[in-house]
Amino acid sequence: MSFKKFLVTGLLAVCLTAGTIPAVWSDEVTQAGTQVINKWHDAVITLQIVVKMTMSYDGKQGPKEEMKTDATGLVIDSSGLVVTALSGMDPNDLIHQMMPDKIDMTTEITSLKMILPDGKEIPAKIVLRDKDLDLVFIRPKQKSAALFTAVDLTKATKPAVLDQTFMLYRMGVVASRSLAVTTDRIQAIVEKPRVFYVPGAQSADKSAAVAAIFAMDSNIVGILVARVTASSGVSGSDKDIIPIIMPASDILEAANQVSDSAK
């Protein structure tokens, strides 16, 4: 074989091999994502919230309003304990952190329901709020003999930067509250003042949906919440808000504070 023919053959082989890599990786991600969906489909539910709000801006009080919205909740106990982002249910604290000197808001959750994947609606109540972690824990008002499909927070994966993850969340009424999934990679890991993961652009674009984040091995990573931080200034414009993934270990620690009476 001439050197020229050898070179052309070699280059062709390299190109063909390189061309198969994305397809192989895509198949691997698809298979892993399908396993996540099949395993945790029923653990990712819809929370229907009705909130009454009164807002004052620069001392001027506005009209009272009622807002009905949906958020994604993650079942973390077979008795029906659910966790979601507090900012996704009640924006009061988030707004106060962003603009503490300009807006005064009072909110009251007047109705809260769990809507299961089969459409069953269950009246629910808040049993714990954790403003520091932007978490809220919810459970059915009445204990049920039926067991819920629940994620085991003790079996969690701690991802590395650039690790592939899956974001599961429930779409709105217009999409029949169907389960949606987005693939994404961990963009950064923040170590202080506490460990949390920064998602990539895919998750950031859908942060308003709240979400449960899973790893390639189908284990839970955490849930998407909002983080607000103050810079050197004091005005709202000097604050940043980003979506972050709160690790499952922190969620578990907070969940352990739920009183026995609430369980």
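R170 counts as buried in this predicted model, because its relative accessibility is 10% and buried means under 20%. You can find R170 in strand β7, which covers residues 164-170.

What does R170 touch, leaving aside residues up to four places away in sequence? Its contacts are H41, V44, I45, T46, T72, P117, R177, S178 and L179. V44 is worth a look on your screen. A polar atom of the R170 side chain lies 2.7 Å from the backbone oxygen of V44. Along the chain, R170 and V44 are 126 residues apart, yet their C-alpha atoms are separated by 7.2 Å.

Now turn to D184, in strand β8 (residues 179-190). D184 counts as buried too, because its relative accessibility is 8%. Its side chain reaches the backbone nitrogen of G200 at 3.2 Å.

Here are the two C-alpha pairs side by side:

| Pair | Separation in sequence | C-alpha distance |
|---|---|---|
| R170 and V44 | 126 residues | 7.2 Å |
| D184 and L162 | 22 residues | 8.8 Å |

How many cavities of 30 Å³ or more does the structure hold? There is 1, and the largest cavity has about 30 Å³ of space. Its lining is made up of T72, G73, L74, V83, T84, V210, A211, A212 and I223. T72 is also among the contacts of R170. Strand β2 (60-75) and strand β3 (82-85) each supply at least two lining residues, and the largest share, 3 residues, comes from β2. By class, the lining has 6 nonpolar residues, 3 polar ones and no charged ones.

Terms used. Residues numbered from 1 in each chain as written. Predicted model: local features only at pLDDT ≥ 70, side-chain atom pairs only at ≥ 80, totals over all residues. Heavy atoms only, no water. Helix = DSSP H or I, 4+ residues; strand = E, 2+ residues; numbered from the N terminus. Buried < 20%, exposed > 50% of the residue type's maximum accessible area, 1.4 Å probe, protein only. Contact = heavy atoms within 4.5 Å. Polar contact = N/O pair within 3.5 Å; in protein donor to acceptor, adjacent residues only side chain to side chain. 1 Å grid on protein atoms, 1.4 Å probe; cavity = no way out; pocket = protein on both sides within 12 Å on 5 of 7 lines; lining within 4 Å. Points joined across faces, edges and corners; volume = space filled by probe spheres on them. Nonpolar A, V, L, I, M, F, W, Y, C, P; charged D, E, K, R; others polar.
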